[in-house]
Amino acid sequence: MKVIIVGAGAAGLMAAVAAAEQGAEVVLIEKMDQAGRKLRITGKGRCNLTNTAPMKDFLTHVGSDSRWMRNSFAQMYNQQLMEFFEQRSVPLVVERGSRVYPRSGKALDIFLALINDLEGRSNVEIRKNCAVRSLTEDRHGVRLQDGTTVRGDAVIIATGGLSYPTTGSTGLGYRLAEEAGHTVVPQVPSLVSLTCEEPIPDELEGFLLKNVALRVTYPDGRKIYEGMGEMTFRGNSLDGPLVLSASRLCSRLLHGGEWLVAHLDFKPAVETATLDKRLIADLDANGTRIFNDALRLWLPAEVIPMALKRLHIEYYKRLNQINGAERKRLLQFLKDCTFTLTGTGDYNTAVVTQGGVSLSEVNPKTMESKLVPGLYFAGEVLDLDADTGGYNLQLAFSTGHCAGFWAAQGGKN
């Protein structure tokens with residue numbers, strides 16, 4: 001068997017290893033001058049390659065049809081993936097949130113484990129600076145931009161999505177899939193910042209809020225997302241882990257013209273009624289302090305300029321002069337500071353792409369097209385995405401391994 005793999009990212013590299021291990025002749029084609037560019041910068045260069053969550057919990061973090069992944073997970077799930085890299089001399093550590101990283105803290109080590117494996121095999125050819133133009137008529141080969149053709153017995157499309165275009169993500173795989181007759185779900189950026197209508201003070205630029213709660217709703221109050229953790233502010237956007245997780249459920253709505261509301265709770269551990277009693281006690285105990293100074297009792301210094309603009313309470317008003325309506329406004333700000341969401345960041349900052357080749361047209365046991373025998377898909381080119389926390393790379397590695405293994409077997413399962 002000769003297996004052609006288009007795209008040398010996480011899914012493509014793993015597919016190449018799996019196919020080569022089965023004895024197939026492998027041609028791995030990469031348009032950039034280096035393989036694995038996105039993999040080498042993922043997780044801010046640290047590479048959160050998987051999550052140790054049990055499968056039932058893991059699948060709750062996967063979008064689209066999470067059950068679709070059960071078959072490929074049965075072939076390579078988190079423990080098998082961890083063993084794969086440890087056997088290739090990459091020690092791993094499990095950190096907060098069950099996230100798995102190379103002990104070195106270097107994504108480069110994950111990439112090198114894969115590329116060194118491939119470069120050490122006589123049945124693997126890696127072609128870089130090699131752009132694919134189209135599939136051949138039988139879909140078992142590819143035509144290159146230079147006019148030449150590479151023919152094989154199977155083709156795996158592992159070209160990634162649209163996120164981080166500087167790493168080579170151009171959406172080529174979607175076009176190839178459509179030309180082969182596949183349905184491609186429209187794409188939107190995911191795991192991305194959420195832009196808001198309200199101006200954010202310069203003092204908040206880059207400021208990290210810890211232990212806060214975020215809820216995103218429709219304007220009528222229907223809940224879309226709720227979570228606790230960390231978030232930050234970037235220009236006119238909300239950003240950080242909480243916001244990225246929320247974006248997976250919000251991005252398609254926002255790109256479809258909806259506007260949403262983000263509700264920020266600075267004191268999620270304290271019930272509203274309890275916090276109100278605490279405010280009354282604080283106002284009484286600090287009656288001679290001025291409001292501007294006293295806000296430090298309840299908020300980080302960086303948040304105070306935004307609070308002052310929103311609360312419309314005199315900066316130099318003494319706490320013993322704060323009336324009931326003003327106290328209620330302060331309580332509302334602390335428990336439900338709202339932002340009108342109008343859009344998202346672009347693909348230059350999005351971690352992954354939502355949308356892609358319809359899962360209904362791909363065999364979940366083999367990653368082979370149900371429409372075109374011998375054509376396979378793996379990784380982000382599929383309509384498959386997940387939360388932050390190592391989930392997306394596990395999807396890439398699992399689907400890549402599955403596609404490579406079965407392509408080398410001729411799709412027989």
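Guide: Two strands pair if DSSP finds at least two bridges between them. Strands here are DSSP runs of E with at least two residues, and helices are runs of H or I with at least four, numbered from the N terminus.

Visitor: Where do the coordinates come from, and how are residues numbered?

Guide: This is a predicted model, in which local features need pLDDT of at least 70, side-chain atom pairs count only at pLDDT 80 or more, and totals for chains, interfaces and linings use all residues. Residues are numbered from 1 along each chain as its sequence is written, and side-chain values use heavy atoms, with hydrogens and water left out.

Visitor: How many strands form the closed barrel, and in what order?

Guide: Strands of a sheet pair through backbone hydrogen bonds, either parallel or antiparallel. Here six strands close into a barrel, in the order E12-E15-E14-E13-E16-E17, and the pairing is antiparallel. On average, neighbouring strands of this sheet are turned by 50° against each other, direction ignored. Angles use axes, which are lines fitted to C-alpha atoms (for helices, over the stretch in contact), and run from 0 to 180 degrees between N-to-C directions.

Visitor: How many bridges join E16 to E17?

Guide: Five bridges link E16 (residues 260–265) with E17 (residues 337–344), and the two run antiparallel. Leu264 has Cys337 in E17 as its bridge partner.

Visitor: Which helix packs on the sheet, touching E16 and E17?

Guide: Contact means heavy atoms within 4.5 Å. Helix H12 (residues 324–335) touches E16 and E17, and its direction makes about 105° with that of E16. Helix H8 (residues 241–255) lies across strands including E12 (194–196) and E14 (223–234), running at about 120° to E14.

Visitor: Which strands stand at the edges of the open sheet?

Guide: The open sheet has three strands in the order E3-E5-E4, with antiparallel pairing. E3 (50–51) and E4 (92–95) are the edge strands; each has a single partner strand, so one side of each lacks a neighbour in the sheet. Four bridges pair E4 with E5 (residues 99–102) in the antiparallel sense. In E5, Val100 is the bridge partner of Val94.

Visitor: At what angle do H1 and H6 cross?

Guide: Angles under 35 degrees count as roughly parallel, over 145 as roughly antiparallel, 65 to 115 as roughly perpendicular, and the rest as oblique. The axes of H1 (residues 10–21) and H6 (residues 107–119) come within 10 Å and cross at roughly 40°. H1 is therefore oblique to H6. Residues making the contact include Leu13 and Val17 of H1 and Phe111 and Leu118 of H6.

Visitor: Is Thr399 buried or exposed?

Guide: Buried means under 20% relative accessible area, exposed over 50%, and partly exposed in between (1.4 Å probe, protein chains only). Thr399 has 0% relative accessibility, so Thr399 counts as buried. Thr399 sits in helix H13 (residues 391–408). The side chain of Thr399 reaches the backbone nitrogen of Gly379 at 2.9 Å. Leaving aside neighbours within four places in sequence, the contacts of Thr399 include Met69, Ser72 and Met367.

Visitor: What is the phi of Met367, and where is Met367 placed?

Guide: Met367 has a positive phi of about 70°, although Met367 is not a glycine. Met367 is in the loop between E18 (352–357) and E19 (375–377). Met367 is buried, with a relative accessible area of 0%.

Visitor: What about Lys44: buried or exposed?

Guide: Lys44 counts as exposed, at 83% relative accessibility. Lys44 lies in the loop between H2 (37–41) and E3. Its phi is near 55°, a positive value in a residue other than glycine.

Terms used
Polar contact = N/O pair within 3.5 Å; in protein donor to acceptor, adjacent residues only side chain to side chain.
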